[in-house]
4 protein chains.
Amino acid sequence: MSEDALRTLVMQVRNWGKWGPDDEIGTLNYITPDTIAEAARLVTAGKVFALGIPLDRNGPQSGTRQRFNPIHTMFRDGGDRPRTPAQVAEMQGYGGSDDWIVMPLQCVTQWDSLAHIFYEGKMWNGYDADLVTSSGAARNSIDKTSDKIVGRGVLLDVARYKGVKALEPGYAITQADLEGTAAAEKVEVKRGDLLLVRTGHMSRYLDKNDWRHFDLDPFPGVSIYATPWLHARQIAAIACDNYAVEVRPSELPAFRNPFHVIAIPNMGLTLGEIFYLEALAADCAADGRWAFLLAAPPLPVVRGVGTPINPYALK
Amino acid sequence: MSEDALRTLVMQVRNWGKWGPDDEIGTLNYITPDTIAEAARLVTAGKVFALGIPLDRNGPQSGTRQRFNPIHTMFRDGGDRPRTPAQVAEMQGYGGSDDWIVMPLQCVTQWDSLAHIFYEGKMWNGYDADLVTSSGAARNSIDKTSDKIVGRGVLLDVARYKGVKALEPGYAITQADLEGTAAAEKVEVKRGDLLLVRTGHMSRYLDKNDWRHFDLDPFPGVSIYATPWLHARQIAAIACDNYAVEVRPSELPAFRNPFHVIAIPNMGLTLGEIFYLEALAADCAADGRWAFLLAAPPLPVVRGVGTPINPYALK
Amino acid sequence: MSEDALRTLVMQVRNWGKWGPDDEIGTLNYITPDTIAEAARLVTAGKVFALGIPLDRNGPQSGTRQRFNPIHTMFRDGGDRPRTPAQVAEMQGYGGSDDWIVMPLQCVTQWDSLAHIFYEGKMWNGYDADLVTSSGAARNSIDKTSDKIVGRGVLLDVARYKGVKALEPGYAITQADLEGTAAAEKVEVKRGDLLLVRTGHMSRYLDKNDWRHFDLDPFPGVSIYATPWLHARQIAAIACDNYAVEVRPSELPAFRNPFHVIAIPNMGLTLGEIFYLEALAADCAADGRWAFLLAAPPLPVVRGVGTPINPYALK
Amino acid sequence: MSEDALRTLVMQVRNWGKWGPDDEIGTLNYITPDTIAEAARLVTAGKVFALGIPLDRNGPQSGTRQRFNPIHTMFRDGGDRPRTPAQVAEMQGYGGSDDWIVMPLQCVTQWDSLAHIFYEGKMWNGYDADLVTSSGAARNSIDKTSDKIVGRGVLLDVARYKGVKALEPGYAITQADLEGTAAAEKVEVKRGDLLLVRTGHMSRYLDKNDWRHFDLDPFPGVSIYATPWLHARQIAAIACDNYAVEVRPSELPAFRNPFHVIAIPNMGLTLGEIFYLEALAADCAADGRWAFLLAAPPLPVVRGVGTPINPYALK
């Protein structure tokens, strides 16, 4: 039954072939020079909102499945610097520091690539899942989106619309919620939009200054039954302030991440997760302007399936 | 003698205390809401130029000093996916892929933080170099710039101005070159600008499709004697298509990176390196517009001293 | 008061200078060709006991401080292998797999080097703590012990001696316990011995097949007040089946790891942690032979302060 | 033709099923308690030879294919230590250092597991290569050998036998060479032996104190035509002081590593590479004793296909 429900939604929103047999970016194709130029005109105050959370060992990953928090370390530090003129001469300088990192590509604020999720052995646009091996994704990798993720951002603050600080864990945001929020905000969701949906859930962790269990706890998120509406709106991407865009527990208990399955391999929709939306939402509420330029460049990781990001919303 | 020459330039451009004793971002303070809003008005065509090079094992780092190329790897791939209905049921889904990376924070297109270089035991704004330990930079770390690196970008294509495809390795770009290029381009370098200087050097490696020795070979770059001009112009940051902004071999043989020493700990100037400028330069030459909105968000690595980036130039 | 108690023990056992001002291996000097040859004669049955725990993501580290469990990953796997004769020809073979790991050097069964702990700014033999920087330990690093850690192993099964499956968390093993256990086992602790002390604590986690909280929970361990006895016995190293040899909570509340502070920088004693002793202990109880050849080679990590190991006890 | 030559040898030495359908360790089964006890009796002088090369950034890997040298780094160092009594109190101690590493499991002295090489889509004992995915080797992983790699070591110093400091790169060691060396050394290769073959090749790099190109240069090694003899001798494992046991260039030009293909997936023979044999060889030449106890414990990496080691030869 879960299986049938999933399949019905899958077939309703599947975009395979829509941009040709070689396409690897899906709904990002909805972004055009026109939508970008229009979005840039929304930048009038010169305000910047950085939507990326810090990369830190005390982050949202519990490490219980595969993802861990970023591990940052140094090659050289202040203790390695030259101390005497002789050392300065030998090292040809006064020294410096240099560092590196080990991190899952989806451990912080992130974009999923279209190689991230499979459905019946297939990726987006019908590519075989076997094209993803230990050497990475031969198709649908994140670097294909290198210059694609900028355009009009629209924030739908569903929590605010529902009159709560944060939606309850397990609450599934409906199409009616999305439409109601948009109407209340006097904003129209349009083709090519980068849609940001605020559940308020992240504020729970920010308030206690402790990310622990963020990846394990139930959370509110977008309902699978809203995917046909997202499909019809022709949005370019969707991002959320929770762990996985969708709601947990899953609306289809047989599947952990049914929204992912519907959206990524079938609709070709790029998902963004763990977006920090608090400051942006407060500003939008204050000035009544819920649309802005969103520049969210991925790191062009060759054959990668995800990327950490620090999106800029500019108003 | 090198020592004296260095010190003279250092004292000419030192900005310590200019933004208070607690400042950790230096010349990025020159960016204001006004400069951002003005820059956004330059986006009229909706064109996007991604300035980040691919993250790949075959990248610009030789690994001979400390930096190596990004090492990308998978947690899960197509081979791990469920094959039978029983497996789909057990794994609660059709599977997917997940990946991670090990990388120096300065191995690809990047910003240096103001903790990157020391001078006489001090960092930017006079902080002690001992504040950078194995646990990272307690001051001047890159996350302090999280929402700061967006504004007007100006491309000075010095190679084009000099009528060459690429400046010769070892060529030091002078103040006169920078002024001449700006005049030829009919653009004025202003306070708060994110200045991009094209040497053409990267095209040598792109043409042969082989990055090897990029970090070891001599290269053209900006002269240390141009730093007073950059200081007077009050630019917010400078970035280049070479390995280190400055020229190699060094203009002061006793020091490997004298421009770094002058600019980072003393002027508080943010440097960007290994910027891919070819497509952007071609477009600017075609339409005669050398200024644009540059959105180059750092990853907010807590206590980090550098960050990989994929800057977007929007016209 | 804690401070004084610590200092008193420190000064009682301090071995600085005993093996010259350049020594970097401390009590491992007690091992000699004679003790090794004598130990080899204990190998009569040809039995092997591997004392290293598996390197696995589900290991004893919670990641809450700095250490995480080993992260193992593949460069190439079965999915990357050539499938057709043409691919076999092109790849010059039938393919294979290759892997790598990211791991704290002290995340599994391990030796601590003498650079691991400082006391009043000093390491073992009086070397300055500043000799350990981001580029590693310039003195007392683990590679100095490369060919040093083999000799007579003696297992003191204190839990068995006390008639319990496992000592209670927080129980501090006294000198009397160690002497009583040795007497009951009819074994004498001698100069150059690699002393293994079984608390039984690890069995709690093995029984439930879940390592979680192993690094966070209280545990039984060797009392700081037994260090003078260990000093007098002139053992070469000591290892335990708990997280830190010593007991937790600490016997000196002001200090997290007072045994470490006494033993490593002052006595120059090599500590081994998270040793799997269950099978070995059962065998010793069965045949009444508590001494054996112990070969526990460190990985010679240049400038390293710890090493994962898989010691072999041979009987 | 190469294909046929390879197949002929493969079928001559294939041991599939010999130790049952579930076996995952191959010829290591030849080691028994008797061979171990006998080997231990060879330890009379108490001498230790550590056969592992240092783990260092300046190691034998060029990074041109996938393997890089170990990258060692610190979590904490001397610069992080507490300086004042208040800091000592707050940190509950005087501080210390802690470190971690990123390394290919086959980048230094190493054992290959039987999951390392495939032949016609199969691993050792006929297991499918698809059992090795991004999550590692479901069969034939290195941890299956956790307590298996200790026994009689025999060093065949072929370079010495041939009267040269080092065999020429490209020289293929024949069965006659192996038999001649054994005869000259008055040692018999027996069932269960861990056979060490010295080519002298490593001395070239040690002499110039520079590992560069070790993985790229041609080297002497064991001929594929000697594999039937190794098979008949029933050795447990073979290790060499070159990069790959076998000779390079390959004796069968169509295949990069034909010895690997014959030995690992078909014979089930464990291979050891990059063994440091210089000091051991000198000692054996001096005392005329070429057999010893070899304890070479693998790190039990779950699902791993290789392991760094530091084998101890004890005489």
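## Salt bridges between chains C and D

In this predicted model, five salt bridges cross the interface of chain C and chain D. To see one for yourself, find C:Asp130 and D:Arg81: their side chains meet in a salt bridge, with 2.9 Å from N to O. Strand β3 (residues 98-104) of chain C gives the most to the side of chain C that touches chain D, namely seven residues. That side of chain C has 48 nonpolar, 24 polar and 15 charged residues.

How many residues does each chain bring to the contact? Chain C brings 87 residues and chain D brings 88 residues. Together the two chains bury about 6900 Å², and 59% of this lies on carbon and sulfur atoms. There are also 42 residue pairs in polar contact across this interface, counting pairs with both residues at pLDDT 80 or more.

## Strands that pair across C and D

Now follow β3 of chain C to its partner in the other chain. β3(C) pairs with strand β3 (residues 98-104) of chain D in the antiparallel sense, over five bridges. Which residue is the bridge partner of C:Ile101 in β3(D)? Look for D:Met103.

## Where chain A meets chain B

Let's turn to chains A and B. Here 87 residues of chain A are in contact with 87 residues of chain B. The area buried between chain A and chain B is about 6900 Å², with 59% coming from carbon and sulfur atoms. On the chain A side, A:Gln92, A:Tyr94 and A:Tyr312 lose the most area to chain B, and together they make up 11% of what that side buries.

Five salt bridges are counted between chain A and chain B. One of them joins the side chains of B:Arg67 and A:Asp98, at 2.8 Å from N to O. β3(A) gives the largest share of the side of chain A that touches chain B, with seven residues. Sorted by class, this side of chain A holds 48 nonpolar, 24 polar and 15 charged residues. β3(A) also pairs with strand β3 (residues 98-104) of chain B, in the antiparallel sense and over five bridges. In this pairing, A:Trp100 stands opposite B:Pro104.

Most residues other than glycine have a negative phi, and most peptide bonds are trans. With that in mind, a few places deserve a look. A:Gln92, in the loop between α3 (85-91) and β3 (98-104) of chain A, has a positive phi near 55°. A:Val245 also has a positive phi, near 65°, and is found in the loop between β11 and α8 of chain A.

Are these two residues buried or exposed? A:Gln92 counts as partly exposed because its relative accessibility is 30%, whereas A:Val245 counts as buried because its value is 0%.

The peptide bonds have something to show too. The bond from A:Arg248 to A:Pro249 is cis, with omega near 5°, and A:Pro249 lies in the loop between β11 (237-240) and α8 (258-267) of chain A. In chain C, a cis peptide bond joins C:Arg248 and C:Pro249, with omega about 5°.

## A helix in chain B

Finally, visit helix α5 (residues 175-185) of chain B. Its buried residues are B:Asp177, B:Leu178, B:Gly180, B:Thr181, B:Ala182 and B:Glu185. What covers these buried residues? Among the elements that do so are β7 (150-157), α4 (158-161) and α7 (227-233) of chain B. After α5(B) comes B:Lys186, with a positive phi near 55°.

Terms used
Residues are numbered from 1 along each chain as its sequence is written. Chains are lettered from A and ligands numbered from 1 in the order in which they are written. This is a predicted model: local features need pLDDT of at least 70, side-chain atom pairs count only at pLDDT 80 or more; totals for chains, interfaces and linings use all residues. Side-chain values use heavy atoms; hydrogens and water are left out. Contact means heavy atoms within 4.5 Å. Buried area is the accessible area (1.4 Å probe) that two parts lose on being put together, summed over both. A salt bridge is a side-chain nitrogen of Lys or Arg within 4 Å of a carboxyl oxygen of Asp or Glu. A polar contact is a pair of N or O atoms within 3.5 Å; within protein, one must be able to donate a hydrogen and the other to accept it, and residues adjacent in sequence count only if both atoms are side-chain atoms. Helices (H or I, at least four residues) and strands (E, at least two) are DSSP runs, numbered from the N terminus. Ala, Val, Leu, Ile, Met, Phe, Trp, Tyr, Cys and Pro count as nonpolar, Asp, Glu, Lys and Arg as charged, and the others, Gly among them, as polar. Two strands pair if DSSP finds at least two bridges between them. Buried means under 20% relative accessible area, exposed over 50%, partly exposed in between (1.4 Å probe, protein chains only).
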